[in-house]
Amino acid sequence: MAEVDSFQNLLAARMLLKTSLEKSRSVASALEKTGPRLEEIKQSLPSLEAALRAQKCSLDALGGHISRAVGPAAAVLKVFDAIHGLEKSLSSDPSSDLYGYLVVVKRLEEALRFLAENCGLAIRWLEDMVEFLKENAVTYDHRYLSNVTKSLKILRELQANEEWARLDGGLLSAAYDKLETEYRRLLRENGVPLPIISSASSIVAPSSLPVFVIQKLQVIIERLSANNRLENCLSTYIDIRSSNARACLEALGLDYLEISIFEFDNLQYMESSLDLWSKHLEYAVKNLLELEYQLCNDVFEKVGLDVSMDCFAKIAIQSGFLAFIQFGNTVTESKKDAVKLFKLLKIFHTLNELRLDFNRLFGGKSCNEIQIPTRHLIKRVIDGACEIFWELLPQVEVHRGTSPPSNGSVPSLVSFVVDYCNQLLQDDYRPTMIQVLEIHQNWKHQKFQEELLRKEVCNIVEAIRLNLDAWSKSYEDTPLSYIFLMNNHCHLYKALKGTSLGDLIGDFQLREHKKYRDYYASIYLRDSWGMLPGLLGHEDETLFSDGRAMACSLVKKKLKAFNEALDGTYKKQSNWVLANKNLRKRICQLVVDAIVPVYRSYIQKYGHFIEQDGIKNVKIYTEEGLVNMLSSMFQPKMEKCYSTNTSHSIDKKSEIVTSQFPSTTVVA
């Protein structure tokens, strides 16, 4: 049994060895065949290794391109989605929540700025990726190139949308348009002028802007200015505020500013127009333009001073302010006469009072259109005022050769010049005249003398005195020259006493005028009426011893001689004038006192000869009739009221003097 098992094991071992030998032979045969192939593979391994390495590098480079392009592209898409989320908020009305609206606008700006900075970057990376794929022939899967190309197209559309958003009609542009509309609404609804009725006239007060409105305007300007839309803000502001300022000025009634040169011949009209001009100019500068100046500084505070000044200058010009300057020029171009000096001084005084305001408001280079004509006006005013002032003395002197009034009254020139000089020395004009003279002297590089005005006025008064002496000597009738001198010394005393001109010439000169008045009154009475009482001298009664007929003849002869002398003197002097009422009454009373008592006494003593003998052809005056006749002398044909304190008097007398006082139409 054991032997059988051992034999079976041997047979199995034999079969295993046989099988292994056959396999070995097969392997040997295969190895013989594989050897050359291995040698072939061995020889191709270096080139295969290089190819694999190149492919690996290409794939690595492609991965880098993808990594660089995917990040920006994803961020761009995310921001673009955020922009779409802002569209609803931006479509609302900014007036409901301006500050919230501005926050949304700012976010949109930031989003578009991000797109502008990153969209182009992502596009450049994707363009590089497409170029790389094409150059390296990585096209075994066309999906890669197709997807990259599609992404590139989308990004380019996003970039176009970002640019469109900034253009007219785009989302951001539309938001800016809404802000400009809100800006315009704030200005219009809060800039309406309000009328204020004063006791003098209706004045439209300029409207300021509430603080909250200014703050809103500022934030809108800041947002629009940062995006190159400041010009629209400026033009809107200028249009609305200048229109508002113009309405305020027009409400004052400024038609007189358009007056022609020829209309200035009406002195009273010129005077009233100048008063209005001074008042309205002060209002325009200190109220209206002062407010606009402050508003421009406040509203455009964050933009810059140059911008606010440019804006203010345009508002001032478009408001019609230059019409005030043109009115002043019209005055300087009007007819040159003595009274015009006061008009020019009034213009200078008004401008000088506003000098600091002018310098502050219009001192910048933006206001050249106001500065230049204003300086030009001031120069013309000063030149014209000085020209007229220095011509006063020569004009008085040139009248020395003219004829005095035929009735012995006060020449219009005398009363005019006295009142004129007195007004020039008053506080309303004296400081201004001195300032004008000083400026003019400085322009000519001449040293200014403090007493220049006083000395020149004294020279004018002296010229008047010399004129009176010359005029008095031109009368053929000596008593009339006394009337003339009496009139003028009385007028000068009355007109100068207690006045600025009287203070200038001093009390001594005033007393001289009073003394000369009384002196010429006494010699007038002596030479005109002194001989009449002698014609009725009482005769010795022995002269009547030759009989009644002889006595009657003598009385008749004396009365006839007296009547002829009285009537002749009265008739000759009936047209003579004593302008001053008190002087007239005094002289008439002196004449009455000199004549009537003598006449009354003579008639009482010798009148019975006439009554008894019925002497005819001899006029017998009653005492009352003689008094009335003599008291009615020297009455002016028309009353002339001479005032020394009002400019209206100067204007009135200027109309009389103008025909004698040369005037021209040249610029003064």
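**Helix α15 and its partners**

Modeller: Start with helix α13 (residues 412–424) and helix α15 (residues 452–473). They pack at an angle of about 165 degrees. Their axes lie 11 Å apart. This is a predicted model. Angles over 145 degrees count as roughly antiparallel, and therefore α13 and α15 are roughly antiparallel to each other. The crossing of α13 past α15 is left-handed.

Now the residues. From α13 come Leu413, Val414, Val417, Cys421 and Leu424. From α15 come Leu453, Val457, Ile460, Ile464, Asn467, Leu468 and Trp471. Sorted by class, the residues of this contact are eleven nonpolar, one polar and no charged.

Stay with α15, and turn to helix α17 (residues 500–529). Here the packing angle is about 80 degrees, and the axes are 11 Å apart. Angles of 65 to 115 degrees count as roughly perpendicular, so α15 and α17 are roughly perpendicular to each other. On the α15 side, the contact uses Arg454, Val457, Cys458 and Val461. On the α17 side, it uses Leu501, Leu504 and Ile505. This contact has six nonpolar residues, no polar ones and one charged. Val457 of α15 touches α13, and Val457 also takes part in the contact with α17.

Next, another helix pair. Helix α9 (residues 322–333) and helix α12 (residues 368–398) pack at about 25 degrees, with axes 10 Å apart. Angles under 35 degrees count as roughly parallel, so α9 and α12 are roughly parallel to each other. Their crossing is left-handed. α9 brings Leu322, Ile325, Gly328, Asn329, Thr332 and Glu333 to the contact. α12 meets them with Glu369, Ile370, Pro373, Thr374, His376, Leu377, Arg380 and Val381. The classes here are six nonpolar, five polar and three charged.

Charged pairs come next. Side chains of opposite charge can pair when their charged atoms come close. Across the whole structure, a search finds 26 salt bridges.

Last, the confidence. The protein averages a pLDDT of 78, and 67% of the residues score at least 70. Residues 162–169 stay under 50. For that stretch, the model has 19 contacts beyond four places in sequence. Residues 655–668 also have a pLDDT below 50. Beyond near neighbours in sequence, residues 655–668 have 39 contacts in the model.

Terms used
Residues numbered from 1 in each chain as written. Heavy atoms only, no water. Axes fitted to C-alpha atoms, helices over the stretch in contact; angles between N-to-C directions. Helix = DSSP H or I, 4+ residues; strand = E, 2+ residues; numbered from the N terminus. Left-handed = near helix turned anticlockwise from the far one by under 90°. Contact = heavy atoms within 4.5 Å. Nonpolar A, V, L, I, M, F, W, Y, C, P; charged D, E, K, R; others polar. pLDDT = per-residue confidence, 0-100. Salt bridge = Lys/Arg side-chain N within 4 Å of Asp/Glu carboxyl O.
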